[in-house]
Amino acid sequence: MTEPIELNHDELLARAFRHNAPQPTDNGEPTVGSLDLEERNAFRRVTVETELRSEDQAEGFEVEYRKLRLEQVILVGAWIEGTTAEMEANMLELAALAETAGADVVELLYQKRDKPDPGTYIGSGKVKELRDIVVSTGADTVVFDGELSPGQMVALEEALKIKVIDRTMLILDIFAQHAKSKEGKAQVSLAQMEYLYTRTRGWGGNLSRQAGGRAGSNGGVGLRGPGETRIEADRRRLRTDMAKLRHELRGMKTAREVKRARRQRSTIPKIAIAGYTNAGKSSLINAMTNAGVLVEDALFATLDPSTRKAQLADGRNVVLTDTVGFVRHLPTQLVEAFKSTLEEVTGADLMLHVVDGSDAFPLKQIEAVNKVLSDVTRESGESIPPEIVVVNKIDQADPVVLAELRHTFDNTGHDVVFVSAHTGEGIAELEGKIEMHLNSVEAHVQMLVPFTRGDVVSRVHEQGTVRSESYEEDGTLIDVRLPHVIAEQYSEFVVS
């Protein structure tokens, strides 16, 4: 086996993986069969060591957010489909998720397989190798890039002797840490309980409770069995807590619906910003509104939808809503937590689908977001509004990737704009496309408003886009684009 590469913490997400060397035959030359077998079965591995930031080293201690010693984790994946580069990108994303959760990644391993092993996900032989790696690194936790069944989780924990979690548990943990609103916290807590319900377990008979009551009441000597087990008690408690949370969430949904209805009554155009996590949605809102929305280079930095008002170059006011980012293989338990975001998207007049242009596979991001939107709208029957694809971070993107994106969108006919929220490049073009879209769904009218109806003139200026205005003998002549509902309301003043 080749020596592992040692990387510092900042290099973790920028490095690729290396293969284990194939075993030679007796004459020293590897056979085709041994090469294929090694390619198929070998773990691909890179060892990393974290270092304190320079300012922390100067102080001589680790800062508080590192909790003195971060949890040491090993990441393990099964390469089922796609190219090597795609699998490595998936593992790097898992590493970013682990770091967002507050863990310290010490190893990234993946193995090529037709399908995950039903017993241990990676096979018994690989579990033994993984156990050796766990011992040598002193890791606390192993994270698998997939959803483990309860049986797989039990088998892996018994073999590895440390905590084992899967991608779903990792994402749920991130949501639990980052949720800010009361509703968001309740939704995540419910999702965690639903996930843990089938995974509560105990070890040994010490978690069973002997049945009480007088002798013979449950069968007598030799027939008395354990009473309610600890697992059953835990599940009963989980059912009670889940019912309580569902009741609370129903009350919170009512309050949210009232707020949304108030926004719906407003004639100001509503624009939802959706996309993959860490694609730069919050940065885009800040670039367009100077709103100061939280921006962080981390996955799921935004978990609660936030709404900001902006003014386009033509003077028209719009409302922009920043939503939670989507991710591939979204845990089914989190679909409920995404409903508030979905409601913001389906209730909007326009959706800006933000894509990270600096990602190695931006088309995969688009595919993942579209799949999640399709999944969560199927049951509700809601429809997604017209969209503009916004390719962000072009200042950091590979020109070859951008060229591929331009070619793809040219062939599909999507409305797309390339921007950099950081430098401001392309923002004016984006606003122009938004204006063109809104113009297509608004009424273009000329109104002659008597001088005694200054309230109408004021509202027209506030709710519409005034193209020209002049003062005639009979009143104010206004050439304006208005929402249809406003144009119909003031139809008595419309002259053409």
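This is a predicted model: local features need pLDDT of at least 70, side-chain atom pairs count only at pLDDT 80 or more; totals for chains, interfaces and linings use all residues.
Colleague: What makes the rings of Trp79 and Tyr110 an edge-to-face pair?

Modeller: The structure holds 3 aromatic pairs, and in this one the ring centres are 6.3 Å apart with the planes at 75°. Rings pair if their centres lie within 6.5 Å, and planes over 60 degrees apart count as edge-to-face, so Trp79 and Tyr110 meet both conditions and the pair is called edge-to-face.

Colleague: Which parts of the chain does that pair link?

Modeller: Trp79 belongs to strand β3 (residues 71-79) and Tyr110 to strand β4 (residues 103-112), and these two residues, 31 residues apart, link distant parts of the chain.

Colleague: Why are Trp79 and Tyr110 described as buried rather than exposed?

Modeller: A residue is called buried when its relative accessible area is under 20%; Trp79 has 5% and Tyr110 has 0%, so each of them counts as buried.

Colleague: How do you know what kind of pair Tyr121 and Phe144 form?

Modeller: Their ring centres are 5.4 Å apart and their planes stand at 80°, and since the edge-to-face class asks for an angle over 60 degrees, this pair is edge-to-face as well. Tyr121 sits in the loop between β4 and α4 (124-137), whereas Phe144 is in strand β5 (residues 141-144), so the pair ties together parts that are 23 residues apart in sequence. Both Tyr121 and Phe144 are buried.

Colleague: What makes you say that Lys112 lies over the face of Trp79?

Modeller: The distance from Lys112 to the ring centre of Trp79 is 4.2 Å, and the rule asks for a distance within 6 Å together with a position within 35 degrees of the ring normal. Arg235 likewise lies over the face of Tyr197, at 5.9 Å from the ring centre.

Colleague: Why is Lys163 called partly exposed?

Modeller: Its relative accessible area is 41%, and because partly exposed covers the range between the buried limit of 20% and the exposed limit of 50%, Lys163 receives that label. Lys163 lies in strand β6 (residues 163-166).

Colleague: What joins the side chains of Lys163 and Glu71?

Modeller: A polar contact of 2.9 Å joins them, a value that falls within the 3.5 Å limit for such a contact.

Colleague: Why does Ser282 count as buried?

Modeller: Ser282 has 9% relative accessibility, which is under 20%, so Ser282 counts as buried. This residue lies in helix α9 (residues 281-289), and an unreviewed UniProt entry lists Ser282 and Thr302 for "binding site".

How values were computed. Residues are numbered from 1 along each chain as its sequence is written. Side-chain values use heavy atoms; hydrogens and water are left out. Rings of Phe, Tyr and Trp (its six-membered ring) pair if their centres lie within 6.5 Å; planes under 30 degrees apart count as stacked, over 60 as edge-to-face and the rest as tilted. Helices (H or I, at least four residues) and strands (E, at least two) are DSSP runs, numbered from the N terminus. Buried means under 20% relative accessible area, exposed over 50%, partly exposed in between (1.4 Å probe, protein chains only). UniProt positions are given in the numbering used here, feature names are shortened, and annotations may be inferred rather than shown by experiment. A polar contact is a pair of N or O atoms within 3.5 Å; within protein, one must be able to donate a hydrogen and the other to accept it, and residues adjacent in sequence count only if both atoms are side-chain atoms.
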